[in-house]
Amino acid sequence: MQKIILLLALITFNLSSAQTKKKQILLIGTFHFANPGNDVAKIKTFNVMSEKSQKELETMSDKIKKFGPDKIFVEWRFTKQAELDKFYNKNTDSLFKKDANEITQLALRAAKKLNHKKLYAIDYRTPFPYDSLMMSMEKADQKDLMEKTKKMMEEYQKEQNEKISKSTLTELMLYFNKKETDKDNLQWYLEVANRTGKPDDFTGASLVSNWYKRNLYMYSLIQKLTESKDDKIMVLVGGGHAAMFRQLIENDPTFELIELSTVLK
């Protein structure tokens with residue numbers, strides 16, 4: 001009888017442990033390697049195609065392979081998964097030599113080493129009416145916010161461009177995944193944008209809510225596309241998205257956040 005009770009207790013414990021085991025999520029925030037120039041801040045392009053950077057990417061992808069994610073999610077439009085699948089199956093060696101995009105250079109490289117069949121698209125676009133925001137500031141005579149935006153933008157551009165000029169690719173990637181960098185990425189939205197406009201003008205709050213919406217939708221896709229059989233996943237997105245995702249992951253008991261610095265040790 002005691003043996004049966006002990007066996008039942010062990011089964012209950014194992015089931016409980018299985019139910020509470022968190023899935024590990026390697027969150028990687030990044031600057032845009034190919035830098036299409038679509039962001040409000042104008043940042044210099046970093047040469048990821050140099051021999052030194054290519055060696056670093058080989059090392060990074062080897063360490064990601066060792067971490068062993070079951071799925072890799074990337075900032076590619078969710079509605080264009082079929083295009084991503086086609087892209088994934090192109091001649092890999094040729095892509096590495098000519099496509100500087102971070103999806104190719106890091107996510108695809110790691111996925112191929114892991115023998116994955118595909119990458120998972122999670123990007124979801126929402127409006128970002130920056131020009132309307134600045135017009136609302138002007139109409140509300142919010143000279144302090146206009147000056148604050150200008151100053152923050154100049155400081156951000158200066159800091160980023162100095163980092164790009166002086167850092168190795170690995171150093172840059174580690175910098176973009178620091179909590180302090182995440183804080184800088186989020187600060188402007190609440191300190192400046194959300195305050196924009198007269199009391200009956202919610203242009204600022206609308207821009208911020210659209211930014212939050214975009215990230216919540218993207219995170220929703222990560223949640224829904226992560227299956228029960230997946231123990232580990234990796235997410236590669238721009239630094240601004242990663243800053244939002246970090247907050248969401250830390251409040252989602254499903255996941256355990258794994259830092260890039262831990263994987264690259």
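Modeller: Trp211 has a relative accessible area of 9%, so Trp211 is buried. Buried here means under 20% relative accessible area, with exposed over 50% and partly exposed in between, using a 1.4 Å probe and protein chains only. This is a predicted model, where local features need pLDDT of at least 70, side-chain atom pairs count only at pLDDT 80 or more, and totals for chains, interfaces and linings use all residues. Residues are numbered from 1 along each chain as its sequence is written, and side-chain values use heavy atoms, leaving out hydrogens and water.

Now the pairs. Rings of Phe, Tyr and Trp (its six-membered ring) pair if their centres lie within 6.5 Å; planes under 30 degrees apart are stacked, over 60 edge-to-face, and the rest tilted. That rule gives 14 aromatic pairs. One of them joins Trp188 and Tyr189 edge-to-face, at 5.3 Å centre to centre and 70° between the planes. Both Trp188 and Tyr189 are buried. Tyr189 also pairs with Trp211. These two rings are stacked, 5.4 Å centre to centre with 0° between the planes. The pair links distant parts of the chain: Tyr189 lies in helix H9 (residues 179-191) and Trp211 in helix H10 (residues 203-225), 22 residues apart. Helices are DSSP runs (H or I, at least four residues), numbered from the N terminus. Tyr189 counts as buried because its relative accessibility is 11%.

Elsewhere, Phe31, Phe33, Phe46, Tyr175 and Phe176 form one aromatic cluster.

Technical notes
Helix = DSSP H or I, 4+ residues; strand = E, 2+ residues; numbered from the N terminus.
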